[in-house]
Amino acid sequence: MPVPTPAELEAARDRLLPDVLPGPDDPALRVLFCGINPGLVSAATGHHFARPGNRFWPALHASGFTPRLLAPAEQGLLPSLGLGITNVAPRATARADELDDAELVAGGERLRALVAELRPAWLAVVGIGAYRVAFGERRAVAGRQERTLGPTGLWVLPNPSGLNAHHTPATLAAAFGALHEAAAG
């Protein structure tokens, strides 16, 4: 996938990125993955988690969610696996810290409505800070949450961005793997 030019990245600022959601012929939605917000590379390419160095796709594969490593451009295959992607905040930015709390809180409300409509088994938010603000859970920790949204369980995963050096590919795979095990059971 070609890397967007600086001009293409700037033109993608504030662009919205459509969700990846199941169609009528897809299996039930097992896990709806929820990023913080689209990065500029994702907005410019139209593919979630598309920035080079983002570890979402490798973690998804290493944890067993996908039968092979998918490229961001193959995101359309996810619904056939019972998976989807959305974001807390829809607006594209260069960094998640460009969002304010009001955008994350509004995103939490949108997520509640989307989950009520789609009824996934799990909503997995990738980013503890975004989850804490969007859902008003200031003391939440990564992993399975006690709180649910109706029948939908909530899970918080580490942010897979290459900018987040706190987690290695192995620890990301383990965190995603724990969710995969819960979603399979």
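I took helices (H or I, at least four residues) and strands (E, at least two) as DSSP runs, numbered from the N terminus. I counted two strands as paired if DSSP finds at least two bridges between them.

The model is predicted, so I kept local features at pLDDT of at least 70 and side-chain atom pairs at pLDDT 80 or more, while totals for chains, interfaces and linings use all residues. Residues are numbered from 1 along each chain as its sequence is written, and side-chain values use heavy atoms, with hydrogens and water left out.

**Strand S5**

I began with S5 and its partners. Strand S4 (residues 143-149) runs antiparallel to S5, joined by four bridges. Thr148 stands opposite Gly153 of S5. The two strands make a hairpin with two residues between them. In that turn I found Gly150 with a positive phi of about 65°. S3 also pairs with S5, in the parallel sense, over five bridges. There, Val125 has Val156 as its bridge partner.

Next I looked up burial (buried is under 20% relative accessible area, exposed over 50%, partly exposed in between, with a 1.4 Å probe and protein chains only). Six of the six residues of S5 are buried. Thr152, Leu154 and Val156 point one way, and Gly153, Trp155 and Leu157 the other. In a regular strand the side chains alternate between the two faces of the sheet.

**Largest pocket**

I used a 1 Å grid over the protein atoms alone; a pocket is an open set of points where a 1.4 Å probe fits, with protein on both sides within 12 Å along at least five of seven lines, and lining residues have an atom within 4 Å of a point. The largest pocket has a volume of about 670 Å³. I found 36 lining residues, with Asn37, Asn54, Ala96, Asn159 and Ser161 nearest the centre. Helix H2 (40-45), strand S2 (83-87), helix H5 (128-134) and S5 each supply at least two lining residues.

**Pro2**

Last, I checked Pro2, in the segment before helix H1 (6-12). Pro2 counts as exposed because its relative accessibility is 71%. Its C-alpha is 8.9 Å from that of Thr45, 43 residues apart along the chain.

Definitions and conventions: Points joined across faces, edges and corners; volume = space filled by probe spheres on them.
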